[in-house]
Amino acid sequence: MKDINQHKDLEKSLKEMYLSKEENALREKWAKQLNDDYDIKKEPAPASKKYLYLLILGLIVAATGMLTYKYFTSDSSKDTKVDLQIAKLEVLSHPIYSHRGATNQDGEDLSLEAYNNLVAEEYESALSKYESIKELNDYDNYHLALTYLKLNKNKEVIKLLENFNQKEHKYSQESKWMLALSYLNDNNTPKAKTVLKEIVVKNLYNNKNAQELLNTIE
Amino acid sequence: MDRRMNQSINIACSAGKNFGLNPLEFEDLCTALNKGDNALFEKIYLSHFKQCQNYLIQNYKLSHNESYDVTMDTLIVFRKGIMNKKISYGNLNFLFTRMAYFQMLKNKKELKKLDKEEFQYLTNIGCEESDKRKQEKLNSLEKVIKKLSIEKQKFLRDHYVKKLKLVEMAKLSGESDATMRKRKQRILAEIKLIIKS
């Protein structure tokens with residue numbers, strides 16, 4: 001008798017526990033039956049106004065944070081660095097060689113004039129002259145690409161240099177560097193990375209700057 | 001008797017007083033539930049679920065989901081009442097809607113002393129406020145039970161869920177009644193020991 005009384009409370013709790021479990025299982029089962037057989041179900045609870053305001057506030061804070069982050073971190077830094085490198089790009093000059101543009105009769109003068117326009121930062125004039133030359137040599141092609149780049153015509157630069165770089169030429173290394181910058185300027189990061197990696201691995205022209213840009217991208 | 005109670009009675013009368021059951025069928029329902037067979041209960045009462053929901057929505061301006069929860073809770077309490085023979089045959093429809101009304105008050109935490117007394121008078125079922133602490137206690141107990149061996153858990157389920165008496169369990173296992181009693185005492189003692197530790 002003593003034993004029975006000793007566990008009376010525990011037994012009561014055990015009965016309640018098992019009953020509660022059974023009832024919870026029944027609730028689930030009936031909810032399914034009501035849904036399947038009688039098409040009765042609970043509606044998804046709408047978010048209360050309080051939570052809606054909190055959600056909107058949260059979104060605003062998150063958006064502001066992301067914009068601030070974007071402004072102060074990698075992306076802006078990347079853009080600044082690319083702009084800086086593009087600004088640094090200049091015409092090919094050599095203390096020994098003179099101008100090495102088109103040598104045919106029609107093109108020679110135009111090529112030199114275009115080159116001079118480019119040096120003088122008269123990009124539109126340079127472009128119209130380069131586009132008038134019937135046969136551009138490698139030297140001209142490089143400078144035409146540079147003209148496009150200075151005019152922020154990335155698609156044209158890319159198209160020109162992708163063709164130009166299919167074969168090895170005298171200005172391949174410089175052209176690769178310009179192509180990488182054009183990809184970055186055109187927000188084509190994957191292709192830019194490929195070219196930059198090639199420049200670093202093969203120790204090509206401007207490989208240190210290429211590595212720096214790669215670090216910024218990654 | 002207030003206006004709503006009149007409406008409740010009207011609904012009950014129009015639907016038949018006892019969900020279409022005669023006294024013998026109600027006895028069968030009670031027996032089936034106590035044997036763990038819910039099929040008949042589900043067939044009768046789930047088909048009246050929408051009706052009860054509509055009653056709550058029309059008379060007490062509950063939302064769809066509130067009326068769903070109240071009706072579901074009422075079904076659970078009603079089933080328990082039938083199993084424990086605390087609900088008797090008479091006017092089951094009216095009783096069910098009144099229980100739904102009290103359940104609504106309970107869910108809204110608006111159950112007053114007078115309501116509790118009427119509820120107890122009608123159903124002979126205690127109407128305690130659900131206690132969060134009590135639920136937590138039951139959850140802890142469930143965790144303790146899970147620490148017991150599979151055999152001991154089965155013993156408890158047979159005894160408390162299937163409601164087998166120790167004598168019946170002894171017969172089924174071919175052991176003596178005394179062995180069963182001792183086993184039960186040992187299991188309960190072990191549970192207490194785990195709780196204390």
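When I say helix, I mean a DSSP run of H or I with at least four residues, while a strand is an E run of at least two, and both are numbered from the N terminus.

Some housekeeping before we go on. This is a predicted model, where local features need pLDDT of at least 70 and side-chain atom pairs count only at pLDDT 80 or more, while totals for chains, interfaces and linings use all residues. Residues are numbered from 1 along each chain as its sequence is written, and chains are lettered from A and ligands numbered from 1 in the order in which they are written.

Back to helix 6 of chain B. This helix covers residues 92–107, 16 residues in total, and spans 22 Å from its first C-alpha to its last, close to the expected 22 Å at 1.5 Å a residue. That expectation is 1.5 Å times one less than the number of residues. Is the helix enclosed or open? Because 14 of its 16 residues are buried, helix 6 of chain B is largely enclosed by the rest of the structure. Buried here means 20 or more other C-beta atoms within 10 Å of the residue's own, exposed means 12 or fewer, and partly exposed is in between, with C-beta atoms placed from the backbone.

Now chain B as a whole. Chain B has 11 helices and zero strands. Of its 197 residues, 22% are buried. Contacts are next, and two residues are in contact if their C-beta atoms, placed from the backbone, lie within 7 Å. Taking the contacts in chain B with a separation of 6 or more, 61% join residues 24 or more positions apart.

How confident is the predictor? Per residue, that is pLDDT, which runs from 0 to 100. Chain B has a mean pLDDT of 82, with 82% of its residues at 70 or more. One stretch to treat separately is residues 7–15 of chain B, where pLDDT stays under 50 and the model has 14 contacts beyond four places in sequence. For the model, the scores are ipTM 0.78 and pTM 0.51.

On to chain A. Its secondary structure also comes to 11 helices and zero strands. Chain A has 218 residues, and 25% of them count as buried. For contacts with a separation of 6 or more in chain A, 50% come from residues 24 or more positions apart. Its pLDDT averages 83, and 87% of the residues score at least 70.

Nonpolar covers Ala, Val, Leu, Ile, Met, Phe, Trp, Tyr, Cys and Pro; charged covers Asp, Glu, Lys and Arg; the others, Gly among them, are polar.

Thr189(A), in helix 10 of chain A, is partly exposed, with 14 other C-beta atoms within 10 Å. Thr189(A) and Leu214(A) are 25 residues apart in sequence and 9.8 Å apart in space, C-alpha to C-alpha.

Chain A has its own positive phi values. Glu121(A), which is not a glycine, has phi near 60° and sits in the loop between helix 5 (107–119) and helix 6 (123–132) of chain A. Glu121(A) is exposed, with 8 other C-beta atoms within 10 Å. Asn152(A), also not a glycine, has a positive phi of about 65°, in the loop between helix 7 (138–150) and helix 8 (154–164) of chain A. Asn152(A) is partly exposed, with 13 other C-beta atoms within 10 Å.

Last, the place where the chains meet. The contact takes 22 residues from chain B and 22 residues from chain A. On the chain B side, helix 5 gives the largest share, six residues. That side divides into 13 nonpolar, four polar and five charged residues.

Notes
pLDDT is the predictor's confidence in each residue, from 0 to 100.
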